[in-house]
Amino acid sequence: MTWDDFRDNLRATLRELSDRCLLIVAAPGKQGYVQFSATEAELTAEAAGPVFTAGPAAHGADEPVMLAAGWTAPTPSGPNWSAALALPALSAEYAALADRCVVALRDVYLLPGPEALSYQAWREPAFQPAGVTWSAERIDALDPGENPLPLPSLGLPPAP
């Protein structure tokens, strides 16, 4: 798989993420990762901040590259690079987010190719809101979630 193939697969996969879905795409060790969290209203993305990586990225050497790609810089309260899409999003917005992720993985974390990557994905269970009383039938009908959540469109192996 090439980086272009990965970018296209990631773009398609991000469109599939629904409320309460989480996805982590990572290389082994401290080489870097991108992670995503979906709600009904927003898809948030994070790329490993300097405290979570090794090599040049750990020293902030690639800050101009990440900023130019459209990432928001880490802060003391949010140590990862971040980006968000309001949902529903345009195809071009998903494509731009996938491009940002390729820049982080390829150009900042210096991964040689997508073959070094694997993923973890799951959908959190739905829950009864606090202070609300539901019937037993309605509680039984809550989505139990799914872990692991298979994402074959990503074209990566699940993490071991």
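Is Asp-8 buried, partly exposed or exposed? Asp-8 is partly exposed, because its relative accessible area is 29%. On this scale buried means under 20% relative accessible area, exposed means over 50%, and partly exposed is in between, with a 1.4 Å probe and protein chains only.

Some ground rules before we go on. This is a predicted model, where local features need pLDDT of at least 70 and side-chain atom pairs count only at pLDDT 80 or more, while totals for chains, interfaces and linings use all residues. Residues are numbered from 1 along each chain as its sequence is written, and side-chain values use heavy atoms, with hydrogens and water left out.

Let me start with the sheet. Helices (H or I, at least four residues) and strands (E, at least two) are DSSP runs, numbered from the N terminus. Five strands make an open sheet here. Their order is E4-E3-E2-E1-E5, and the pairing is antiparallel. Two strands pair if DSSP finds at least two bridges between them. E4 and E5 stand at the edges with a single partner strand each, so one side of each has no neighbour in the sheet. On average, neighbouring strands are turned by 10° against each other, direction ignored. Axes here are lines fitted to C-alpha atoms, for helices over the stretch in contact, and angles run from 0 to 180 degrees between N-to-C directions.

Now walk across the strands. Five bridges join E1 to E2. Ile-24 has Gln-35 in E2 as its bridge partner. Gln-35 in turn has Glu-46 in E3 as a bridge partner. Then Glu-46 is partnered by Ser-82 in E4.

What about the turns? The hairpin of E1 and E2 has six residues between the strands, and Gly-29 there takes a positive phi near 70°. The hairpin of E2 and E3 has three residues between its strands.

Next, helix H1. H1 lies across E1, E2 and E3, and runs at about 165° to E1. Look at Phe-6. Contact means heavy atoms within 4.5 Å.

Phe-6 brings us to the core. A nonpolar core is a set of buried Ala, Val, Leu, Ile, Met, Phe, Trp, Tyr and Cys residues joined through side-chain atoms within 4.5 Å. The largest one has 42 residues. Phe-6, Leu-23, Phe-36, Trp-71 and Tyr-109 have the most contacts inside it. Several elements each supply at least two residues of this core, including helix H1 (3-16), strand E1 (21-26), helix H2 (63-69) and helix H3 (91-108). H3 gives the largest share, nine residues.

Now the charges. A salt bridge is a side-chain nitrogen of Lys or Arg within 4 Å of a carboxyl oxygen of Asp or Glu. By that rule there are nine. Which residue does Asp-99 meet in a salt bridge? Its partner is Arg-7, at 3.7 Å, N to O. This pair links distant parts of the chain, with Asp-99 in helix H3 and Arg-7 in helix H1, 92 residues apart. Asp-99 counts as partly exposed because its relative accessible area is 35%. Arg-7 is partly exposed too, at 24%.

Back to Asp-8. Asp-8 forms a salt bridge with Arg-11, and the closest N and O atoms are 3.8 Å apart. Both residues sit in helix H1, three residues apart, about one turn of the helix. Arg-11 is partly exposed, with a relative accessible area of 29%.

One more pair. Asp-107 and Arg-106 form a salt bridge, with the closest N and O atoms 2.7 Å apart. Asp-107 is partly exposed, at 31% relative accessibility. For Arg-106 the relative accessible area is 31%, so Arg-106 is partly exposed. There is also a network: salt bridges that share partners join Asp-4, Arg-7, Asp-8, Arg-11 and Asp-99.

Last stop, Arg-123. Where is Arg-123 placed? Arg-123 is in strand E5, residues 118-123. Arg-123 is buried, because its relative accessible area is 18%. Its side chain makes a polar contact with the side chain of Asp-143, at 2.8 Å. A polar contact is a pair of N or O atoms within 3.5 Å; within protein, one must be able to donate a hydrogen and the other to accept it, and residues adjacent in sequence count only if both atoms are side-chain atoms. Leaving aside neighbours within four places in sequence, Arg-123 is in contact with residues including Ser-18, Cys-21, Glu-146 and Leu-149.
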